[in-house]
Amino acid sequence: MLKQINCKHFIKNPLIFSNGLNTILGDNYSTNSIGKSTLLMIIDFVFGGGSYIEKDSGTFKELGDHSFNFEFTFNEVSHYYSRSTDNHLVVTICDKDYNPISEINAKEYTENLKEYYEIKNSSSFRAMINPYSRIWGKGNYDVDKPIQTHIKSKESDAVDNLIKLFNLYSTISETKSKIKNQEESKKILLGLHKKNYVQRITKTQFASNEKEIEKIQNEIKTIQDNLLKFTLNIEELSNKELIDLKTQKKKLLDSQSLILNKIRRLDLSLGKRKTKSKYFKRLSEFFENPNEEKIEEIENFHSKISSILSRELGASKKLLEEENKYFVEEIGKIDIKIDSLLKNVKSPKFIVEKIYDLTIEANKLTNLNKFYQEKEDVVSDIKTLTEKLDEMIEDILSKVQGQINNELIRINKEIHTENKKTPSIKLKRNSYTFDHSTNTGTGKSFADLIEFDLTILKLTELPFLIHDSVCFKNIEDFAVDKIIEQYINFDKQIFIALDGINKYSKESQKVLKENSVIELSETNKLFNRDWR
């Protein structure tokens, strides 16, 4: 627990704290700007927070950088620290006289506090306490959003932190980790496809590959089972291969023949020549006075048309020649294979090469199907794990929601003698609602908020609460008396700021005075310098 804080600028030094309730009291005139909220910010700062640095600029302007020395006790062992505003990301470990021993960063410091408090849940120390340290300026006292650090924080994160606070997050965390790993695997597999390291195939291609693999494996098995037979009579195996190759070659030759015929027809069309003038003169031997100029004019026109057609025919021929080139190459490859077969027809080497080729093809198809199946398995696993996670979270949220709402019913009855509507929380995976809709008054809404905090303090490992005076402003005096009765039932530390206590019952005033850390007023402010 927090035992004391001292600072050279405090008007009372050191400030001593105890188990249970610790009160910071204002005067009966509810005087503002005397240091109540600032001291709560300092307490939050001592617990590793940063709001004192971010929100209380007036203090820094007047005091400049300053430091706080503080003591915690756990199991009757004291731990001494110092933290300054000029280097707030570092906490100094000290001896009992606050002489520096070593330095640690603020995160490591809060992890140490979590360990000292023997907190077992998976939440970070600050994520756990931030929503329930309700101090003016921090913006976390929205009566509709009790589990968020501030109004702009994500509701999904707040729900996760609440689950962690109830120490029920480990099973969720394990499943989330599995989903994350599978999503990474999916990303890698898709990346291999995207980079063309592995060919992408469809479900239909997968099935086709499976059949082809089975066919190849059967062929390999046939060769293995009849290895002696094939060795003695290799011609049987090679003949089958030759027949397949010659069948492929014939199909290619037939297609090539069509291309070559087209090329020959184009060559005939392109080979026609312009009619020479000497042939026009011979017309006079058969016809009297033929109009040779007219005939030549017509022939020139035909020549122009022929020139245009020649260009188009030439382009067509070029395309056909490219196609023929493909057939020449493919036929050449088959001829090489045929030659190889004929050369090895008397040698067992042919059988080895045949099995090797079949094995390579089978492995290629097997790898394609392996990657396809891995991807499908990963996608299926992600779906299954996500459905499982949804069910787990739903069960956990139902359990947490039930515990909170049952305790709210109990505490609401003790604080309100009338039949006031009991607030309740409804939790979903990514959102939540705190229902106090019929409690339209500001005071009852803040009373509901305090009831919620006390519920969380009782049911979880939350080590302490902080409630600023803003939380009590509009609550009925009788209800505040009852809230004070609830406070003193806790051994865990509760820090509250309250003023105008003369309006509460004598018993409440006595409790508040007995648990007072400091009483502030216009003439007795927190710091020994007055600038407000």
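Leaving aside neighbours within four places in sequence, which residues is Asn209 in contact with?

## Asn209 and its surroundings

Asn209 is in contact with Ile201, Leu365, Leu368 and Asn369, once its neighbours within four places in sequence are left aside; contact here means heavy atoms within 4.5 Å. This is a predicted model in which local features need pLDDT of at least 70 and side-chain atom pairs count only at pLDDT 80 or more, while totals for chains, interfaces and linings use all residues. Residues are numbered from 1 along each chain as its sequence is written, and side-chain values use heavy atoms, with hydrogens and water left out.

Asn209 sits in helix α8 (residues 203-225). Helices (H or I, at least four residues) and strands (E, at least two) are DSSP runs, numbered from the N terminus. With a relative accessible area of 12%, Asn209 is buried; buried means under 20%, exposed over 50% and partly exposed in between, using a 1.4 Å probe and protein chains only. Its side chain makes a polar contact of 3.0 Å with that of Asn369. A polar contact is a pair of N or O atoms within 3.5 Å; within protein, one must be able to donate a hydrogen and the other to accept it, and residues adjacent in sequence count only if both atoms are side-chain atoms.

## The open sheet

Now to the sheet. Six strands make up an open, antiparallel sheet in the order β2-β1-β4-β5-β6-β7. β2 (15-16) and β7 (100-105) stand at its edges with a single partner strand each, so one side of each has no neighbour in the sheet. Two strands pair if DSSP finds at least two bridges between them; β4 (residues 67-74) and β5 (residues 77-84) are joined by eight. One of the residues involved is Glu71, whose bridge partner in β5 is Tyr80.

Most residues other than glycine have a negative phi, and most peptide bonds are trans. Glu76, in the loop between β4 and β5, has a positive phi of about 65 degrees although it is not a glycine. Tyr98 also has a positive phi of about 65 degrees, and lies in the loop between β6 and β7. Glu76 is exposed, at 82% relative accessible area, whereas Tyr98 is buried at 16%.

In the loop between β1 and β2 you will find Pro14, joined to Asn13 by a cis peptide bond with omega of about 0 degrees.
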